[in-house]
Amino acid sequence: MSAGLTKPGLRKQFSNDWKKHYQVKIFRERGFERRVCKKCGRGFWTLDPSRKTCADSSCQSYDFIGSPRTKKRLGYVDTWKLFERFFKKNGHASIPRYPVIDRIRPDLFFTIASIQDFQRFDNGNMIFIYPENPLVVPQMCLRFGDISSVGVSGRHLTSFIMPGQHAFGYPKEGYFKDRCMELDFNFLTKEMGIPETEITYIEDIWTMPDFSAFGPCIEAMSLGLELVNHVFMQFQKSGNSYKDLDIKVNDTGWGHERLVWFSNGTQTMYDCIFGNMIEKMKRETGLKPNPETFMKYSKLAGALDMDEIKDPAAVRQRIAKSIGISVSELREQIEPMQALYAMADHTRTLLFAITDGGIPSNVGGGYNLRVLLRRMFSFMKQYGFSLDVMKPSEQHARFLKPMFPELREGLEPMAKILEIEKQRYEKTTKNARGIIARMIAKGERFDEKTMIQLYESHGINPEIVKEVTKKEIPPDIYLKITQGHEAKQETEEKKKIDLSGIPSTKFLFYTELRKLKFTAKVLKVLGNRVLLDKTAFYAEGGGQESDHGTLRSGKKSCKVYDVQKIGGVALHFVDKQIFRAGDTVTGEVDKERRDQLSKHHTAIHIINAAARKVLGTHIWQAGSGKSMEKAHLDITHYLPITEKERNEIEQEANRIVDMSLPVSVKWMPRHEAEKKYGLRLYQGGAVPGKEIRVVEIDSVDVEACGGIHRTNTKEVGRIIITGTERIQDGVDRITIKAGESAESYLEAGMKKISDIISFIKRDMHFIKLPEKFTKDLNPEMAMKQLKRSADIFSVPVSELENTAKRFCREIIDNYEEMNRIRKRLRLPQKELVDYLKSSEAKSIEEAFGIVFTVWKNQRKEIEKARIKLAKSEAQKLASRIKNKQLFEVLGFDRKVLIAVADELLSIKPDATIILSNQVGDVIGMTGNNNKDMNRIVGDLCARANGSGGGKKNFAQGKAELSKLLKLAKNII
């Protein structure tokens with residue numbers, strides 16, 4: 001293996017040594033023969049002496065369709081019950097499924113295989129944590145690489161149950177190849193009743209991308225359909241060769257939907273795995289495909305794997321010819337049914353994802369969920385389906401209740417999400433036709449790259465492009481659209497620092513939380529960083545900033561301004577380096593900072609629980625940050641948080657504080673913690689290690705967390721939500737202050753509102769605030785008033801006072817401008833009191849509402865007056881236009897100049913107009929296509945010691961009036 005490990009190389013090597021890797025005990029005992037497939041060349045095992053092919057779908061058609069080979073037809077739920085009963089009888093524990101949104105693996109958004117449930121990372125190495133051994137699990141998996149084939153091939157899905165049959169730790173525990181293959185052969189033949197001669201076993205290989213774990217796998221096939229894949233994790237890379245893993249894992253993944261389909265022999269898998277949903281959807285849409293035609297098509301549908309076929313039109317033509325109908329008839333009869341099947345699949349996938357906390361969005365895994373939604377809406381539009389999409393969702397929940405009763409909880413958020421996403425889709429499609437039409441006019445090609453760009457930039461589905469342009473959808477386009485949205489992108493690692501030979505730091509803040517003063521030994525000095533054998537300084541992590549404080553050695557001392565952790569080693573950043581390796585130092589943590597950070601961290605846990613109670617169980621943490629000044633929590637949610645919801649979350653959080661609930665912290669073996677608390681533990685994301693630190697607020701919240709916390713919710717003090725914002729599609733940020741930070745914030749709020757009240761009384765004479773408002777004001781009222789007042793002007797609270805002052809100045813300026821215009825129109829002047837009639841406001845929110853309304857009304861009135869003045873002035877000036885051109889200096893501001901020029905062109909459409917005022921503002925307009933105002937105005941202003949430019953028909957600039965007067969008449 002000097003050339004290194006490759007999958008093809010290993011496959012060939014394992015095939016050459018088939019007795020070692022593939023010949024299991026039951027093959028020998030039952031007399032299985034090893035053959036090489038005449039079509040694909042792979043090795044396979046069979047009891048049928050006449051069989052020449054391996055029975056893969058590429059080598060054999062679906063001969064079970066219309067001719068099932070099992071004892072009886074099995075329903076979807078019944079198949080799992082039969083499976084579960086058999087394996088429990090044979091020593092396996094049956095455990096519930098894990099979420100389809102992966103909370104454990106830091107590199108994946110979705111659960112894509114049952115073995116993923118038990119994979120964890122410890123210091124960069126994959127380990128297995130399992131609640132029972134051996135076990136079976138009905139794991140629902142989500143995969144998005146085959147979206148284009150869903151509904152088309154008869155077998156592809158985006159969500160499917162992979163009944164995991166797993167045994168861990170062989171040879172110390174569990175079992176491996178011989179027992180696995182014996183059990184599975186007995187289930188297929190004795191429980192399901194499949195004839196022994198109709199089962200083949202194909203040889204293959206499975207590997208991790210880095211070859212850290214790999215081994216042979218054996219696929220069980222029957223009549224063209226793969227039923228189960230047995231993966232045996234047996235080896236690991238060792239240099240250019242490999243060696244045995246210390247502990248071997250049996251990773252057998254069954255195809256639940258395939259077992260159901262095989263036992264029913266329906267035209268497609270979709271006709272039997274959704275209960276009676278497909279028949280209901282056909283009745284509701286009025287679809288009546290020809291049964292004979294559809295049966296013929298279904299047997300050939302295995303060839304329509306859209307991600308492998310480069311020319312789907314050619315394949316469609318071949319199938320139409322085989323069936324004996326035209327391509328247009330094939331489209332008319334088959335494609336609407338394919339769309340219906342896809343919708344049944346997509347609704348199920350979305351229901352599982354939303355139940356488990358997934359949110360459709362433009363980022364991360366939510367991107368793939370939105371792709372499904374928009375594809376579904378496109379089908380409804382394309383084929384005129386008037387389906388209520390919630391009906392199949394509700395039917396999924398009812399049908400799957402015996403296996404997955406939790407799906408009922410996902411219906412409410414799904415209904416809301418569907419409504420929101422439908423509105424977004426309709427807005428997109430409304431714009432789509434115009435975008436595509438403009439591209440057609442420019443002669444642009446609608447190839448695969450263009451279609452992907454249209455989806456990513458504008459959300460325009462390939463189906464919409466096909467409908468407008470009649471272009472074929474490239475076969476693997478959805479694979480490319482969703483690529484990169486199943487696995488998380490690696491984040492940039494911290495700068496590499498050589499820590500070889502440095503033992504892990506002993507973290508005293510975990511073992512002795514109250515200990516803020518300690519003695520330690522300096523292990524190493526790296527620039528402005530000090531490495532100690534132990535520390536009470538909390539190292540930044542989990543969004544919590546580090547402790548600060550001092551380090552002393554004898555009479556020398558320095559400040560610690562940051563602490564970072566790399567691996568298990570803490571690096572103390574100091575303002576001056578005064579230590580050497582071997583020194584004994586005394587460290588002291590800043591107590592005030594520690595207390596505030598711990599209050600903010602515990603408050604974030606409380607806010608998370610409160611948000612989940614107010615907004616729904618779909619809420620999951622998407623990030624957090626905790627500093628001295630404030631803290632924030634990012635949560636997944638399908639809408640921006642409203643003011644009402646914000647207030648309810650704040651009230652619920654403070655109710656939890658007032659309950660004086662104990663906050664316990666304990667280290668637990670990971671499998672015990674997961675068994676006791678479930679995967680809600682991983683609110684803050686994946687946590688490495690065999691042992692995890694569990695922080696529990698009694699009866700309210702429990703999370704795996706490495707941060708510093710209070711011991712009781714009462715110690716957190718008051719919690720204030722200072723703001724909420726939509727930071728990205730599908731994610732809302734809640735910013736808070738707690739404890740002393742909250743109290744300081746309230747004090748600052750009272751001072752701020754006091755200053756604003758003084759300003760209103762001093763400068764806003766037209767608004768009266770009752771004394772009762774000032775008298776009754778308290779900190780909570782003050783903050784609400786400040787927030788609501790700031791919302792009127794769409795500014796942060798910090799900018800409220802200056803913004804209000806600016807609006808008041810503009811009101812006076814507007815009054816003066818209005819009077820100038822009235823004077824030019826020979827209308828009587830108005831007194832300020834006519835504009836600013838005295839009003840009584842019950843609060844500053846109401847006062848600023850009046851200010852904003854007055855300002856807005858003024859702007860409207862000024863605009864109308866400008867138009868009136870412009871019309872009047874244009875009538876006077878029209879007669880001065882000579883040779884279709886005019887230059888004038890008028891006593892108006894820039895906006896009125898523009899309005900006058902516009903009016904003049906409405907009178908003389910082919911004229912060229914240049915207007916200026918006394919301060920040198922210049923505007924130019926023309927209706928003459930032979931004139932270029934960008935050049936004319938630019939040149940004119942440049943020669944008059946100014947500058948200007950714009951478009952061909954309209955330009956503006958600034959110049960010296962005296963020079964302008966000498967130049968203008970000659971330059972037009």
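Residues are numbered from 1 along each chain as its sequence is written, and side-chain values use heavy atoms, with hydrogens and water left out. Because the model is predicted, local features need pLDDT of at least 70 and side-chain atom pairs count only at pLDDT 80 or more, while totals for chains, interfaces and linings use all residues.

**Helix packing**

Two packed helices are described by the angle between their axes and the distance between the axes. Helices are DSSP runs (H or I, at least four residues) numbered from the N terminus, and axes are lines fitted to C-alpha atoms over the stretch in contact, with angles from 0 to 180 degrees between N-to-C directions.

| Helix pair | Angle | Axis distance |
|---|---|---|
| H8 (residues 277–285) and H11 (residues 327–355) | about 130° | 11 Å |
| H14 (residues 411–441) and H16 (residues 462–469) | roughly 45° | within 10 Å |

The angle of about 130° makes H8 oblique to H11; angles under 35 degrees count as roughly parallel, over 145 as roughly antiparallel, 65 to 115 as roughly perpendicular and the rest as oblique. On the H8 side, the contact (heavy atoms within 4.5 Å) is made by Met277, Ile278, Met281, Lys282 and Thr285, and on the H11 side by Met337, Leu340, Tyr341, Met343 and Ala344. Eight of these residues are nonpolar, one is polar and one is charged. Here Ala, Val, Leu, Ile, Met, Phe, Trp, Tyr, Cys and Pro count as nonpolar, Asp, Glu, Lys and Arg as charged, and the others, Gly among them, as polar.

For the second pair, the angle of roughly 45° makes H14 oblique to H16. H14 contributes Tyr425, Thr429, Ala432, Arg433, Ile436 and Ile440 to the contact, and H16 contributes Ile464, Val465, Glu467, Val468 and Thr469. By class, this contact has seven nonpolar, two polar and two charged residues.

On a 1 Å grid over the protein atoms alone, a cavity is a set of points where a 1.4 Å probe fits but cannot get out, a pocket is an open set with protein on both sides within 12 Å along at least five of seven lines, and lining residues have an atom within 4 Å of a point.

The second largest pocket holds about 860 Å³ of space. Its lining has 36 residues, and Pro96, Arg97, Tyr98, Pro99 and Glu406 lie nearest the centre. That lining divides into 18 nonpolar, seven polar and 11 charged residues.

The second largest cavity has a volume of about 40 Å³. Among the residues that line this cavity are Tyr98, Pro99 and Leu679.

Terms used: Helix = DSSP H or I, 4+ residues; strand = E, 2+ residues; numbered from the N terminus. Points joined across faces, edges and corners; volume = space filled by probe spheres on them.
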